[in-house]
Every structure is written in structure tokens, then in C-alpha cells.
Amino acid sequence: MSELLQQIDINQYFPAALDWASNILLAIVILLLGLWFAGRVNKVIVAASKKNKHLDDTLFRFLGSVARYIIIAFVMIAVLNRFGVQTASIVALLGAAGLAVGLALQGAMSNLAAGVMLLIFRPYKVNDFIEAAGRFGKVTEIDMFTTILQTFDNQQIIVPNSQIWGDQIINHSHYDVRGVDMHFGVAYAESTDAARAVIEAVLANHPHVLKTPAPFVEVETLNNSSVDFLVRPFCKGEHYFDLLYSVPEQIKKALDENNIEIPFPHRKVILVNETTKDLVL
């Protein structure tokens, strides 16, 4: 009789145990397949950036990580659902938590959004010299939240991406050939043809000034005390600052050697001597 009761009890709980075991096994299968699929999607997205050199690896690594975590989140919900957990309340809780975190990290999210836009449109890249957010320097790193610049005096500047994306960006390294604008003034008494010839000779002898396109040397302004030339030699982008800081001194020396006056602001004072006669009453 006891053996019969024991057999009845086993038969009573066997379907529940079998169902529980099948749920565990199915949950493990779902988890393993989900993790494999999430990793596979991540690799596919990252690999897509390597097919085109114009695509940024940082952006695609971020997108791959986002896709991976989203898939893992859905996999965990599916696993919990196998054990009878009400996932609707969990999804609502996660949504509310995400909204609260988003509001708390509003500034960080704006930097993230700006970082995504910068990495998609790529107005600059690493090793470019840019001027943005009131800063100038060489780009050493671009991530999802900040852009890191290195200045000429070897300082590191970390600029939030939202400040860069919402402002004017000047990329000094975008084009291979650049013009260097400089201004020089000579006295009105000097010959403009002679001054132009001296300036052109200096540019012709400079090792970094390109022959094509030819340098531009013309009178730009008739100023109060000088005739001002606009001088624009062209060079490779990496030689821009070499020209900017070497040509003015060379032109100054050449003008001095040719006795061409470089005027400085001055004022002419005219004294009038008025004689007065005393009235004798």
C-alpha cells in the first residue's frame, strides 16, 4: 500500500518537474543562442567599417555595442518569460529607469548625440588641425563624448562634442594645398612695381612655396599712410605655419635691402605762427 501511495505521489509531481526541466533547458538554449547572435551582430557591424576607409571605427564599435546589449536585453526577457515572470512590468520599469537616467544625464546625452553626428559626417579626423569651440589645436582623439586637442605649446584640451557640433568648425587640414594670406605696406613714395618684384623674388626662393598655383601679390588697399599689398603664396598643408612665420621676416629684410620704406603710422603737425599787434589807445 505504501509503495502504491509513493507511486501516486511520483506520478503527481513528475509532469511539473518535467515541465520545469524543459523550461530550464530551453532557457539555456535561448541564452546561448542569444549571446552568440549578439556577438555575431556586433562583429558584423564593426567589420562593416573596415570595408570603407571613410567610415569611422569608433562609431561602428559604439553601434555594435549598442546592438549587442539590446539583443542581450531581449534575450534576458525571453529567458525570464520561460519561467513565468511577468516581463511587461520589467519592461515598464526599465523604460522608467531609462527615462530617469536620460534626464539626469542630459548633458552627457547631448555630447553623445553630437559625437555620433561628428563621427557620421566627419568634419575632421585625427591629426587634423582644427579651430572649434574657441580652441585651436591638433586632433589627437575623437570619442563619443569629447574631442581631444593638442596645442602648439603641448597642452591637452578636452572639448565636449556638443560645444563643437553646435558651433563653427574650421578645418585647416581639409585641403592638401593652402593659401597663406599676409599683408605688407610700403610708403606712397615707393614704386609698387619695385615692391612687388621684391616680394615675388622672396616667394620664388622659398623652398615651400608652390609654383602652381602661382603666388598672388597685388595692391589691396590705399591706406592712410601706406600702400598695402595682399600676398598669398600657396603651399602644402603641412608647411602652412612654416610660411606664416618665416615669410614676413624675409620680406622685411628684402625690402630693407632694396631701400623700400615700410611706413609706420605717423601724424603731421603744422604750426602756424600768428603775429599780433598791440593796440595803443
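Predicted model: local features only at pLDDT ≥ 70, side-chain atom pairs only at ≥ 80, totals over all residues.
1. Within it, threonine 146 stands opposite proline 160 in E4.

2. The two strands belong to an open sheet of five strands with antiparallel pairing, whose order is E4-E3-E2-E1-E5. Strand E4 (156-160) and strand E5 (169-171) stand at the edges, and because each has a single partner strand, one side of each is left without a neighbour in the sheet. Neighbouring strands of this sheet are turned by 40° against each other on average, with direction ignored.

3. Turning to the aromatic rings, the count comes to nine aromatic pairs. One of them joins phenylalanine 129 and phenylalanine 136, whose planes stand at 20° with the ring centres 6.3 Å apart, so that the pair is stacked. Phenylalanine 129 is partly exposed, with a relative accessible area of 24%, and for phenylalanine 136, also partly exposed, the value is 24%.

4. Phenylalanine 152 and phenylalanine 241 form an edge-to-face pair, with 5.0 Å from centre to centre and 70° between the planes. Since phenylalanine 152 lies in the loop between E3 and E4, and phenylalanine 241 in helix H7 (residues 240-257), the pair ties together parts that are 89 residues apart in sequence. Phenylalanine 152 is exposed, at a relative accessible area of 55%.

5. Ring pairs link Phe129, Phe136, Phe152, Tyr240, Phe241 and Tyr245 into a cluster. Over the face of tyrosine 240 lies arginine 178, at 3.9 Å from the ring centre, while arginine 232 lies over the face of phenylalanine 216, at 5.6 Å from the ring centre.

Notes:
Residues numbered from 1 in each chain as written. Heavy atoms only, no water. Pairing = 2+ DSSP bridges. Helix = DSSP H or I, 4+ residues; strand = E, 2+ residues; numbered from the N terminus. Axes fitted to C-alpha atoms, helices over the stretch in contact; angles between N-to-C directions. Phe/Tyr/Trp six-rings, centres within 6.5 Å; stacked < 30°, edge-to-face > 60°. Buried < 20%, exposed > 50% of the residue type's maximum accessible area, 1.4 Å probe, protein only. Lys NZ or Arg CZ within 6 Å of the ring centre and 35° of its normal.
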